[in-house]
Amino acid sequence: MPRIRSTAAARARLAKAVEQHPFPKLPRFCVFCGADPKHGNKEHVIPRWLIELTGDPKRKAIMAFDRFRQRATAFSFDQLQFPACKACNESFSRLEDEAKRVLQAIIAREAVAERDLSLFLDWLDKVRVGVWLAQLYLGSPLLNVQPKFHIASRMAVADRMAFFSFLSPRPGLTTIGVMSPMFMMMPSAFGMYINGVAILSVSTHGFLSRRIGFPYPVRRWALSGRGETQMQGPRDGSD
Ligand SMILES: [Zn+2]
């Protein structure tokens, strides 16, 4: 059986092939609604308040990985700004203010009301989809993913959960799992470490509905070539 080896020469050939036949570049779109953000402004997909809460805003982090050149690409958190309509940006700013208050309570190990947890799940949806769109903008030559949804159409629409693990309280911010090919294809789960709290965010249609007695899809399948999933159901959840 032939051994498959990744040599420097093979990687260089692949890199050249990608340069000669690149995937189409994503058009400019608003990360919230997907429309062309004429006269738009910029959205920090990792919010500025969170960057400041966890360390030096100018620090660099590995935010993309070039698989052909086997090279990680570092950006400062502050650079992660992407196009957004002015109106969209303003309509989401209140959520940021409220999420900051809830996160600070979580970091301080204080009790959090049910309403605030629900709001925090909305915010995790926003950050997860925002980071995914940012990854697509930054580019991964292995995959040609054209986004079919954006933050506004994917927030608070599917079953979701957040799992919190409390570690020793060291300042810092890390995103987990966002550079994997799986996340690029299906941004349903990611993790974050924020000042001593590790958070796992998961959201997908039908994830919890069956076990809590709500209608649920009985079958789902990919529509070939269209990048969409179709579901059969729902079943009423009584069984
Ligand atoms: Zn917009």
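1. What you have on screen is a predicted model, where local features need pLDDT of at least 70, side-chain atom pairs count only at pLDDT 80 or more, and totals for chains, interfaces and linings use all residues. Residues are numbered from 1 along each chain as its sequence is written.

2. Now the overall picture. The protein chain has six helices and ten strands; helices (H or I, at least four residues) and strands (E, at least two) are DSSP runs, numbered from the N terminus. Of its 239 residues, 22% are buried. Here a residue is buried if 20 or more other C-beta atoms lie within 10 Å of its own, exposed if 12 or fewer, and partly exposed in between, with C-beta atoms placed from the backbone. Among contacts with a separation of 6 or more, 63% link residues 24 or more positions apart; a contact means that two C-beta atoms, placed from the backbone, lie within 7 Å.

3. Have a look at helix 3 and helix 4 together. Their axes come within 9 Å and cross at roughly 120°, which makes helix 3 oblique to helix 4. The crossing is left-handed. On the helix 3 side the contact uses Phe 92, Leu 95, Glu 98, Ala 99 and Val 102, and on the helix 4 side Asp 116, Leu 119, Phe 120, Asp 122, Trp 123 and Lys 126. Those residues divide into seven nonpolar, no polar and four charged. For the angles, axes are lines fitted to C-alpha atoms, for helices over the stretch in contact, and values run from 0 to 180 degrees between N-to-C directions. Under 35 degrees is roughly parallel, over 145 roughly antiparallel, 65 to 115 roughly perpendicular, and the rest oblique. As for residue classes, Ala, Val, Leu, Ile, Met, Phe, Trp, Tyr, Cys and Pro count as nonpolar, Asp, Glu, Lys and Arg as charged, and the others, Gly among them, as polar.

4. Not counting residues up to four places away in sequence, Phe 92 touches Phe 32 and Lys 126. Phe 32 is 60 residues away along the chain, yet the two C-alpha atoms are separated by 8.9 Å.

5. Four strands form an open sheet in the order 5-8-7-6, with antiparallel pairing; two strands pair if DSSP finds at least two bridges between them. Strand 5 and strand 6 (173–176) stand at the edges with a single partner strand each, so one side of each has no neighbour in the sheet. On average, neighbouring strands are turned by 15° against each other, direction ignored. Helix 4 lies across strand 5, strand 6, strand 7 and strand 8 (197–204), running at about 95° to strand 5.

6. If you like to trace the pairing by residue, start with strand 6 and strand 7 (residues 189–194), which are joined by four bridges. Thr 174 has Tyr 193 as its bridge partner, while Thr 175 stands opposite Met 192. Strand 7 and strand 8 are joined by six bridges, and there Tyr 193 stands opposite Ala 198. The hairpin of strand 7 and strand 8 has two residues between the strands, and Asn 195 takes a positive phi near 40° in it.

7. Is Phe 166 buried or exposed? Phe 166, in strand 5, counts as exposed because it has 11 C-beta neighbours inside 10 Å. Leaving aside neighbours within four places in sequence, Phe 166 is in contact with Arg 109, Gly 196 and Val 197. From Phe 166 to Ile 199 it is 33 residues in sequence and 8.9 Å in space, C-alpha to C-alpha.

8. Finally, a backbone check. Most residues other than glycine have a negative phi. Arg 109, in the loop between helix 3 and helix 4 (114–138), has a positive phi of about 60°; this residue is exposed, with 11 other C-beta atoms within 10 Å. Ala 156 also has a positive phi, near 60°, and sits in the loop between helix 5 (151–154) and strand 5 (159–166). With 13 C-beta neighbours inside 10 Å, Ala 156 counts as partly exposed.

Conventions. A crossing is left-handed if the near helix is turned anticlockwise from the far one by less than a right angle, and right-handed if clockwise.
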